[in-house]
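My entries follow in the order I worked.

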Amino acid sequence: MTSVSEDIPQPTAPAGAPPPEAGEPGRVNRTRIVVVATVATVLIAAAGVAAWAYGGDVPRGTKLLGLDLGGKSRTEAERAVTDTFGPRTDDPVTVDLDGKTVRIAPAEIGLRLNVELTVGKAMHGSPRPFGERAVPPVIQVDQARLEAALRRQVDPKKLTLKKPGIAYAGLTPKPTYPAAGRGLDPAAAAAEVRKAWLVGGTARVPLVEKPPATSREQVDAMVAELAVPAVAAPVTVEVAGKSLTLSRAALAKGVVFRSDDNGLLTPAIDGAKLHAAAAKAFAEVEKEPKPARVVLKGGKPSIVPGAAGDVVDLDALGTALLGVLRNPAPRTVEASLARQEPDVAAADIAKLGVKQKVSTFTTYFTGGASSPRSQNIMTIARHVDGAIVRPGETFSLNAHTGERDYASGYQDAPVIVGGKLEPGVGGGASQFTTTLFNAAYYAGLEDVEHKPHSFYFSRYPAVIESTIFYPTLDLKFKNTTPYGILIDTSYTSRSVTVSMWSTKVYDSVKTVRSPRRNLTSPPTVYREPGPRCISSSGLPGFTQDAWRIIRKDGKEVEREKFTWRYDPEPRFICGEKP
């Protein structure tokens, strides 16, 4: 049987009849079918494109410095950014600093790529199915540290912005007025660094003309409104049921005006300066902490534990003071005491290994205990007694004692001034200096700074001796051993002794001297009689060498040469030449 497929005949209109209206039975609207089909196709295609464009967390077409992140999940995108740019984050950034090329390590300026924020930024935005959407990385930099790093590299002479200032001359504030000049623009520099870093470019950071942040008029206003009234009257500080008075002079020391590099002037209280200026007043309400220390008991080192103290909270006091300094008298503020632990604990002292005497040296003097020169030797010996020199630390005698003046207990005694003996405050301190130098010398410590006398004195060991004069001549030595050094001083009415206590490192330290050479006779010099003239019998001049020989483990480990030329000390006669 054969199957036959036949076309179904469609009804036809009579010849000449008009076309049927839409909607008539049996009428098919081919145009509508085509339109509907087309719209459906477009919608389906659009849906497909949208699904593709928004596939993943990051829209399609999103790129980060050329890295395609489109269509990736957040985790995938963060991994891609880390893998691609992570190796570059240790690279220094190159900066063209006003014509000078410098390279700065990221860690120095807090420079880092924030991957999470970068990807988060990439996730927000419209897709680009047929194009690209560039997203910059989120790079963070510490602007203050960047500015500091750049200032260390730039020639200071090029930074011409003049900072303002206010300083007290006694109780009178003296202004320094600012002026515009060339300086750094920290915000612009940070933007350039962020832009150049990961792409290996160069950040262009020129110096720009800048006005100071504080104007001349603002400086004048600060003088009138704060600097003048700040020292117009004392301030009473109530603390722990007691009170202390900050004098006008103390306030002038403690009130400071600081200008940053951009010329912004701000008032502040320098707690350390204020405390030093009013030390006696603070002592009435404070109990200073006592550091642990080493003392000698029965000829052996013993550790004395420290003790905590109660001191005024200077930061809080400073804030309170700034709040009342504009006010007229009477002015009162409240302060509190803060518990302060000692700087040095017993455990710290124990680690230093102070166990035995490693060197000692004694020099002798005349005049008895009551003479001004002897008193000066005893005073400086007391100031140094008990000092600790830690491993690697350099001891400075001037820094330790400060200026040796009348206020510190020193008296007038002969000193060498311009090649002549004259009365001077602190005379005799050089004898202690020589004694200390020799104790350090025979302990094997490193000689950092010393200068022998211009004239030879028989009470000192030739060449191996030292003078001192504040602040231009100092005695400095460095503790090059792995142990701490305790400096112990003592004196009698005719001698001063300095001993070094530590752990013995060297077998021996000895001195070998050459014969004296180039001997010169002292001339006779007549001087005008008076209180400044000190007569002397004169001493010859000469040159001599001294070698310090250090032995350790049975072997010579160091041989250091010292050489000095002594001028002949004139025979000074107070009177006219006959």
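Which elements do the buried residues of α7 pack against? I note before answering that this is a predicted model. I find β8 (165-169) and β9 (172-176) among the partners. The others are α8 (248-254), β15 (255-259) and β16 (265-269).

**Entry: helix α7**

I listed the residues behind that packing. Val-219, Met-222, Val-223 and Leu-226 are buried, and so are Ala-227, Pro-229 and Ala-230.

I then checked the length. Helix α7 covers residues 216-230, which is 15 residues. At 1.5 Å a residue it should span 21 Å. I get 20 Å between its end C-alpha atoms, which agrees.

I also looked for a bend. There is one of about 40° at Val-223. Val-223 is also on my list of buried residues.

**Entry: cavities**

How many cavities of 30 Å³ or more are there? I count 1. The largest cavity holds about 50 Å³ of space.

Next I looked up the lining of the largest cavity. Phe-437, Ala-440, Tyr-441 and Leu-445 belong to it, together with Glu-446, Asp-447, Phe-477 and Arg-548. Two elements, α15 (429-442) and β27 (446-449), each give two or more residues to this lining. The largest share comes from α15, with 3 residues.

Last, I sorted the lining by class. I have 5 nonpolar and 3 charged residues, and no polar ones.

Terms used
Residues numbered from 1 in each chain as written. Predicted model: local features only at pLDDT ≥ 70, side-chain atom pairs only at ≥ 80, totals over all residues. Heavy atoms only, no water. Helix = DSSP H or I, 4+ residues; strand = E, 2+ residues; numbered from the N terminus. Expected span 1.5 Å × (residues − 1). Bend = angle between axes of the 7 residues up to and from the residue. Buried < 20%, exposed > 50% of the residue type's maximum accessible area, 1.4 Å probe, protein only. Contact = heavy atoms within 4.5 Å. 1 Å grid on protein atoms, 1.4 Å probe; cavity = no way out; pocket = protein on both sides within 12 Å on 5 of 7 lines; lining within 4 Å. Points joined across faces, edges and corners; volume = space filled by probe spheres on them. Nonpolar A, V, L, I, M, F, W, Y, C, P; charged D, E, K, R; others polar.
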